[in-house]
Amino acid sequence: MENDVVVVGGGPVGMLLASELALARVRVRLLEQRRTRTEQSRALTVHPRSLEILDQRGILDRFQRRGMPIPFAHFAWLDTPLDFSRLDTRHPYTLWLAQAQTEELLEERARELGVEIERGRSVLEVAEREGEVALRVEGPEGQVEERARYVVGCDGARSVVRRSAGVGFPGTETTVTAILGDVELAEPPARPFRHTCSRGAVLAAPLPPGDHEGVHRFVVFDPRRTHVSTSEPVTLEELQSGVARIVGRDFGMRNPRWLSRFGNATRVAERYRRGRVLLAGDAAHIHFPAGGQGLNVGLQDAMNLGWKLAAEVNGWAPPGLLDSYHDERHPVGRAVGRNTEAQTRLGDVSEAGLSLRDLMSELLAIEPVNRRISELISALDVAYPTGKTAETHPWVGRRAPDRALATDRGAARLYELLHAARFVLIDLAGAAELREAGAAWGDRVDVVGATADPGSDLAALDALLVRPDGHIAWASDAARRATRLADLKGALEAWCGPA
């Protein structure tokens, strides 16, 4: 069979997933119906956890050169911002970067790794057969059938892959709509602003530098227009009148680059995997774009799925590993849906709604509350269920912290050890028996001897096993020293298959 995996959809999620598969030497093709990349700004925020996963693959600097770091974010446009600068990460900020540029950089990465990208190719149907998936594809040559061992739908909210596989997409219909526009301004505001009052709410900010120089993004909640169907086109006049009514002027809007209407429909696929068909990104979950979470959740789906699907294709995945993609990411999709629904409710600009917003803003001014919501929006709070006993180390399932280490290969940050997308066993106690045990899985696991700074939280550990996606599969400390060798071997077998 010519394809191990076909990825359907060439947005940021599809590009990152294809790269992860290619990094593991999986034969992967990506099919995209658009003939060219999007030129629209679309999603503008890359959150801290997404920056971390880019860092784990050694490509973050490409994005930092193009984007603008902003140390805060918002929850429901409340007056008190979320303070990302206090988060426990090397990247305590949102990177303000147009989706067009994010997609361009991820495509560049995919091509470097040898991914075969075919544009102008529409997938019409997928059907699983014994041991393979057949795809009916329409392209310049007409309709053809292609085959692959697995297919992943990264093809958006109206996913053909999801519908063909018969995966349900339960949730709620749109009840509230808003509009956005990327426009040039004759009289731009002096700074980005949020304005909320009984007449509605407006958010305005300049787009990141680059192809969108001199363009501002406006998002408008106009109570008179919140029940308009998302299928109704937005006009420049509608955007102008809404902003002028709420703020008092329209800033001389002209030359719209992109106008769109969006709603609060919230849905999560019943299963992220059905046999040889899998889903990621908007094909798996949709929600109101509050907090700029959609793109980020999709990238994190791809990071979770990539190494697991590669393990299955390459023949070393232990039983249940590929199913753990659904088990770990489906709850995340549901949680994002819940917090965006809460933010939608906080968009109420009635007298009672504004009172609630004032109260919530006061609560966000309390540092622990602000940190909790910041971790939620940034996805730094995501910890996967262990499925193990109460004896499991409390770090298991969490994202690994990116601490400085003195390793037997020289000074390195923990995330630098993950560039090859392999498991990493870090021996922090000089325990030769742990390193010898890890060496039996040497085709899947990098074994590193290291010491941590005495003040680091890693200094309390004897060892830890980090998954390719940066989450912790196993850890040990002094209290577990008597059983750590047996526990490590058990964890390696559970996550990496037989030695």
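Tutor: What follows goes through the ring pairs, then the charges over rings. The model is predicted, so local features need pLDDT of at least 70 and side-chain atom pairs count only at pLDDT 80 or more, while totals for chains, interfaces and linings use all residues. Residues are numbered from 1 along each chain as its sequence is written, and side-chain values use heavy atoms, with hydrogens and water left out.

Rings of Phe, Tyr and Trp (its six-membered ring) pair if their centres lie within 6.5 Å; planes under 30 degrees apart count as stacked, over 60 as edge-to-face and the rest as tilted. By this rule there are 9 aromatic pairs. One of them joins Trp307 to Trp495: the pair is tilted, with 6.4 Å centre to centre and 45° between the planes. The two partners are 188 residues apart, with Trp307 in helix H7 (residues 294-314) and Trp495 in helix H12 (residues 484-496). Helices (H or I, at least four residues) and strands (E, at least two) are DSSP runs, numbered from the N terminus. Trp307 is buried, at 5% relative accessibility, and Trp495 is also buried, at 12%. Buried means under 20% relative accessible area, exposed over 50%, and partly exposed in between (1.4 Å probe, protein chains only).

Another pair, Trp316 with Phe423, is edge-to-face, at 6.5 Å centre to centre and 70° between the planes. Because Trp316 lies in the loop between H7 and H8 and Phe423 in strand S25 (residues 423-427), this pair ties together parts that are 107 residues apart in sequence. Phe423 is buried, with a relative accessibility of 1%. Elsewhere, Trp77, Phe221, Phe262 and Phe288 make up one aromatic cluster.

Rings also take part with charges. A charge sits over a ring if NZ of Lys or CZ of Arg is within 6 Å of the ring centre and within 35 degrees of the ring normal. The charged end of Arg162 is placed over the ring of Phe169, 3.7 Å from its centre. Arg398 lies over the face of Trp395, 4.7 Å from the ring centre.

Trp395 is also among the residues touched by Leu461, along with His393, Leu428, Ser476 and Asp477, not counting residues up to four places away in sequence. Contact here means heavy atoms within 4.5 Å. Leu461 belongs to strand S27 (residues 461-466) and is buried, at 5% relative accessible area. Leu461 and Ser476 are 15 residues apart in sequence, and their C-alpha atoms are 5.9 Å apart in space.
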